[in-house]
Amino acid sequence: MKKLLILISVAALTLTSCGSKKKIAELEAKNKEIQDLLNTCTVKLNTCLTEKEALNNQNEYLKKNNTDLINSSKEMTVLTTKGAQNLEKSLESLKEKDLKISRLQDALTKKDSVTLALVTSLKREVGIDDPDININVEKGVVMISIADNLLFKSGSYEVSDRAKGVLAKVAKVINSKPDFECMVEGHTDNVPIKNAVLLDNWDLSVKRATSIVRVLHKDLGVNPKQLIPAGRSYFIPLAENDTPANRAKNRRTRIIIMPKIDQFYDMLEKEMKTLSK
């Protein structure tokens with residue numbers, strides 16, 4: 001009986017031991033499954049945390065960018081207002097400048113009209129068929145070129161009687177234009193000249209110019225304030241001084257009738273200074 005009880009006890013212990021190992025194995029399997037699930041969740045959690053940080057950073061950037069845009073919008077509004085005001089001022093300035101330019105153009109047009117009328121008057125008074133007299137407009141002024149043989153004898157600066165008749169017609173036009181100036185230029189050829197009175201061609205050209213100025217003033221009543229004598233010698237030839245015919249062309253007196261330079265350029269300078277402001 002005692003042996004039987006021992007066998008039953010051993011059998012019970014054996015069965016109990018087998019059941020515990022199976023249970024332990026099941027628990028270990030369950031534990032591994034839970035551990036794998038935990039690892040998976042940990043990886044996902046870390047990923048979510050990383051994404052959250054990136055989203056937070058992006059959110060901060062967007063907030064800052066939005067603030068910057070709002071500030072820029074405000075600045076643009078201010079700049080737009082100032083730009084409109086500046087544009088309005090610029091337009092007003094352009095209108096003023098356009099007006100001044102129009103005034104200058106009107107003045108130049110008027111000057112051109114006066115010059116054209118003066119040429120017509122001179123050609124009518126002096127005549128345009130004389131080959132020794134040439135009347136034209138250069139650079140906005142009237143030029144009267146009179147050949148040397150019509151005014152002086154060779155090497156002389158004494159005005160001939162024939163020349164005085166031509167100069168009387170010129171004087172009539174000059175006297176009708178008191179606001180104009182008259183420059184008398186003497187020109188020679190390049191043949192050297194020297195005698196007891198004349199030193200060189202400079203001297204001859206100047207003396208011829210002053211002789212004509214004296215005739216215009218003393219004999220023909222031209223206001224001396226309008227007269228300007230000038231000697232150019234042989235330095236501004238019309239042709240090469242290589243033939244008698246060409247040298248004859250270069251021996252001439254040129255009378256330039258023009259608006260008073262100081263008055264005209266004072267006005268022009270004043271307007272241009274105003275335009276440049």
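Two strands pair if DSSP finds at least two bridges between them. Strands (E, at least two residues) and helices (H or I, at least four) are DSSP runs, numbered from the N terminus. The model is predicted: local features need pLDDT of at least 70, side-chain atom pairs count only at pLDDT 80 or more, and totals for chains, interfaces and linings use all residues. Residues are numbered from 1 along each chain as its sequence is written, and side-chain values use heavy atoms, without hydrogens and water.

**View 1. The open sheet of five strands.** The order is E1-E2-E5-E3-E4, with mixed pairing. Strand E1 (133–138) and strand E4 (227–233) are the edges; each pairs on one side only. Neighbouring strands are turned by 20 degrees against each other on average, direction ignored. Helix H4 (residues 201–219) packs on the sheet and touches E3, E4 and E5. Contact means heavy atoms within 4.5 Å. The direction of H4 makes about 160 degrees with that of E4. Axes are lines fitted to C-alpha atoms, for helices over the stretch in contact; angles run from 0 to 180 degrees between N-to-C directions.

**View 2. Strand E5 and its partners.** Strand E3 (residues 180–187) pairs with E5 in the antiparallel sense over eight bridges. Here phenylalanine 180 stands opposite proline 259. Strand E2 (residues 141–147) and E5 are also antiparallel, over six bridges. Methionine 143 faces isoleucine 256 of E5; isoleucine 146 has threonine 253 as its bridge partner.

**View 3. Valine 166 in helix H3 (residues 161–175).** Valine 166 counts as buried, at 13% relative accessibility. Its C-alpha lies 9.0 Å from that of leucine 150, 16 residues apart in sequence.

Definitions and conventions:
Buried < 20%, exposed > 50% of the residue type's maximum accessible area, 1.4 Å probe, protein only.
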